[in-house]
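Trainee: I have a structure to read and I am new to this. Could you walk me through a few of its features?

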Amino acid sequence: MEQFAGAVRLISRLCGYFAAALIAVSVVIVCEMVFVRFVLNENTIWQTDFVTYSLVAATFIGSPYLLLTRGHVNVDILPHYVRGRARFYLALFSALLALAFCAVMTVLTAMFWYEAWDSRWVSDTMWRARLWIPYGAMPIGLFLLTLQYVVDIIKLVTGREPPFGIKPGEPSFDVKISE
């Protein structure tokens, strides 16, 4: 089981690097597009589509890395105020709910991707991008996110990681403000 968890962690980390590279490439292409349009006074054909699809792909493919590093935005007021087993069950419930959501979305986006591939969909722009290529980022990213949730649930259930990353006895929001 540890090899599975290690492999999923490695894949999630690689997804984060890939997503960062997609964002960096998108920034360079936006700069190139501005140069072509305003300095050379030429039309751009593929740049807007590429940047849009790259940023969407970075969002989906980068999501397992965000879960791995707990880099996502969350509201963790309730976990700080519940203690003991209640915190564990809250963490387990929320992780199982997120896992179920990601699994369903993986199946639905895979069906959407397959329809785009089977029907040979292309974008409505002049570039005529084959849409199965950018749409593939959705089921891939969601599948890997589902695997990362499985690993997180295993770590939670086996006690390798505390619920919500909050160690027992760690101070909560009982901070006093002095004047």
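Trainee: How many residues does helix 2 have, and what span does it reach?

Mentor: Helices here are DSSP runs of H or I with at least four residues, numbered from the N terminus. Helix 2 covers residues 47-69, which is 23 residues, and reaches 31 Å from its first C-alpha to its last. That is close to the 33 Å expected at 1.5 Å a residue, where the expected span is 1.5 Å times one less than the number of residues. Before we go on, note that this is a predicted model, where local features need pLDDT of at least 70 and side-chain atom pairs count only at pLDDT 80 or more, while totals for chains, interfaces and linings use all residues. Residues are numbered from 1 along each chain as its sequence is written, and side-chain values use heavy atoms, with hydrogens and water left out.

Trainee: Where does helix 2 bend?

Mentor: A bend is the angle between axes fitted to the seven residues ending at a residue and the seven starting there. Helix 2 bends by about 40° at Gly-62, and Pro-64 follows within four residues.

Trainee: Which helices do the buried residues of helix 2 pack against?

Mentor: Buried means under 20% relative accessible area, exposed means over 50%, and partly exposed is in between (1.4 Å probe, protein chains only). The buried residues of helix 2, including Val-51, Ala-58 and Leu-67, pack against helix 1 (2-39) and helix 6 (137-157). Contact means heavy atoms within 4.5 Å.

Trainee: What is the nearest side chain of opposite charge to Asp-49?

Mentor: Side chains of opposite charge can pair when their charged atoms come close. A salt bridge needs a side-chain nitrogen of Lys or Arg within 4 Å of a carboxyl oxygen of Asp or Glu. Lys and Arg count as positive, Asp and Glu as negative, and His and the chain ends are not counted. For Asp-49 the answer is Arg-128, 9.3 Å away; Asp-49 is buried yet has no salt bridge. Leaving aside residues up to four places away in sequence, Asp-49 touches Ser-123, Thr-125 and Trp-127.

Trainee: How many salt bridges are there?

Mentor: The count comes to four. In one of them, Arg-70 pairs with Glu-161, the closest N and O atoms being 2.3 Å apart. Arg-70 lies in the loop between helix 2 and helix 3 (77-81) and Glu-161 in the segment after helix 6, so this pair ties together parts that are 91 residues apart in sequence. Glu-161 also forms a salt bridge with Lys-155, with closest N and O atoms 3.1 Å apart.

Technical notes: Helix = DSSP H or I, 4+ residues; strand = E, 2+ residues; numbered from the N terminus.
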